[in-house]
Amino acid sequence: MAPYFENVKDKIDLSELVEKHLQEREIFKSTGDEKVFLVSGKQPRPSRTRLVSVNVLAALKDTETGSTEGVLNINIQDHDTLWIEYIGEYIQLIMDEAIVSNYRLTYNNEHLFKVADGLFFKNLKFNFSKI
Amino acid sequence: MLQNLKTAIREKFVMQKLAAEALEMNAGNLTKLIKSTPEEAGRMRNETISKLERVFSEYNIEWILGRSEIKYKEDAELSQSAAGQNSYSKMPNPQGSGFLLTNGKGLGAIADDEMAMFDDEGNTKFYEISPGVYRMKVPLVPETAKAGYLTGFADAEYLEDQEYIVTTVYKYHKGKYRAFRVIGDSMDVDRRTTFVHGDVIIGRELKKELWNSRFHTHKYPFYVFVTKNDGILFKELTSHDVENGILTLHSLNEDKDAFPDFELNLEDVALVFNIVKRESEI
């Protein structure tokens with residue numbers, strides 16, 4: 001029996017597409033102390049703070065219907081929880097119900113973690129489906 | 001509708017389709033399964049029930065099917081075991097003196113008259129069930145008590161009300177032990193050493209005066225840290241900077257974006273438990 005689903009996590013380029021989509025926003029074009037380090041999860045992390053990384057957590061293609069659905073992580077890391085909240089809210093506003101290339105994203109949930117003394121990490125989860 | 005199945009899927013999988021994949025069914029059939037009426041659930045094929053038992057092995061299948069209030073399999077087994085003990089206790093002793101309190105099948109249950117032992121501080125209870133084999137009774141820190149754990153921890157009355165985990169050990173263990181239930185999937189990895197949501201882990205408390213010595217990172221590298229402000233953490237310890245009291249903690253889950261390694265200062269920690277045993281279902 002053929003499997004119902006195919007794991008396509010490594011075959012889709014959604015993290016790069018979302019990274020480019022975000023990069024077009026003014027807030028991600030700042031330089032100097034205001035610079036935000038925006039990377040796809042496949043790239044090394046350029047900074048411990050003011051870091052926003054995007055990665056596909058899971059992506060499955062339904063072999064019967066051909067549809068692809070998955071979960072995208074957008075992670076924000078900094079020492080300032082206020083900045084994390086601000087940028088998290090902003091990302092949620094612009095990415096919820098957004099269409100990036102041929103994917104539709106829907107905000108799912110978020111969690112804030114303390115990763116070290118004075119360093120915090122917010123994980124935003126978006127469900128996505130290929131249109 | 002099988003609301004509990006829906007809850008278990010939400011707790012264990014980031015998307016319903018991953019659950020469908022694990023259950024080897026298509027997405028439509030899983031949706032139909034979740035929407036089953038109690039009558040339909042009663043007619044569920046054995047093959048489907050076996051798949052549910054395999055994928056949700058830490059959950060009580062009766063709970064998933066909406067027929068029990070006991071969520072986790074281990075709790076259901078303990079409850080059955082306790083019920084079994086009661087029924088044995090009512091069996092007349094063929095030798096004519098009162099009632100039999102245990103028999104071979106009742107090893108999982110601890111009868112009141114079995115030999116009980118306490119450690120030097122009166123903490124952990126042991127019951128000898130055969131020479132060199134003991135049942136150890138460990139308080140389970142309940143999920144719901146986590147937020148108030150620090151204030152309630154030293155309260156003897158509070159501990160009396162606690163749930164207990166009973167586990168088999170082969171030697172007398174000194175010290176203060178506590179059991180915790182694993183929450184989330186940060187320690188879930190496709191290897192022999194994995195801790196899935198719902199597993200019960202048992203830890204031995206490391207007294208504060210020992211925190212100046214290097215913690216084990218080889219034989220028993222897993223620890224539970226009860227932090228002063230951030231609840232309870234369960235992680236693998238990868239290094240311990242003894243001089244500065246800094247621990248580097250690691251999640252087994254390979255999704256390093258969601259679960260990066262991080263440092264924890266022992267100043268932020270109230271209690272440390274070195275994990276010595278995992279109770280899990282296959």
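Q: In which sense do strand β5 and strand β6 of chain A pair, and over how many bridges?
A: Start with the sense of the pairing, then count the bridges. In this predicted model, β5 (residues 99–100) and β6 (residues 103–116) of chain A pair in the antiparallel sense over 2 bridges.

Q: How many residues lie between the strands in the hairpin of β5(A) and β6(A), and which residue takes a positive phi?
A: Look at the residues between the strands and check their phi angles. Here there are 2 residues between β5(A) and β6(A), and A:S101 has a positive phi near 55°.

Q: What does β6(A) form with strand β7 of chain A?
A: Apply the reading used above. β6(A) pairs with β7 (residues 119–130) in the antiparallel sense over 12 bridges. A:A116 has A:L119 in β7(A) as its bridge partner. This hairpin also has 2 residues between its strands, and A:G118 takes a positive phi near 75°.

Q: How many residues of chain B and of chain A are in contact, and what area do the chains bury?
A: Count residues on each side, then take the area. Contact involves 20 residues of chain B and 23 of chain A. Between them the chains bury about 1900 Å², with 56% of it on carbon and sulfur atoms.

Q: Which residues form the salt bridge between chain B and chain A?
A: A:E69 and B:K17 form it, their closest N and O atoms being 3.2 Å apart. On the side of chain B that touches chain A, α2(B) supplies the largest share, 4 residues. The residues of that side divide into 9 nonpolar, 2 polar and 9 charged.

Methods
Residues numbered from 1 in each chain as written. Chains lettered and ligands numbered in written order. Predicted model: local features only at pLDDT ≥ 70, side-chain atom pairs only at ≥ 80, totals over all residues. Heavy atoms only, no water. Contact = heavy atoms within 4.5 Å. Buried area = accessible area lost by both parts, 1.4 Å probe. Salt bridge = Lys/Arg side-chain N within 4 Å of Asp/Glu carboxyl O. Nonpolar A, V, L, I, M, F, W, Y, C, P; charged D, E, K, R; others polar. Pairing = 2+ DSSP bridges.
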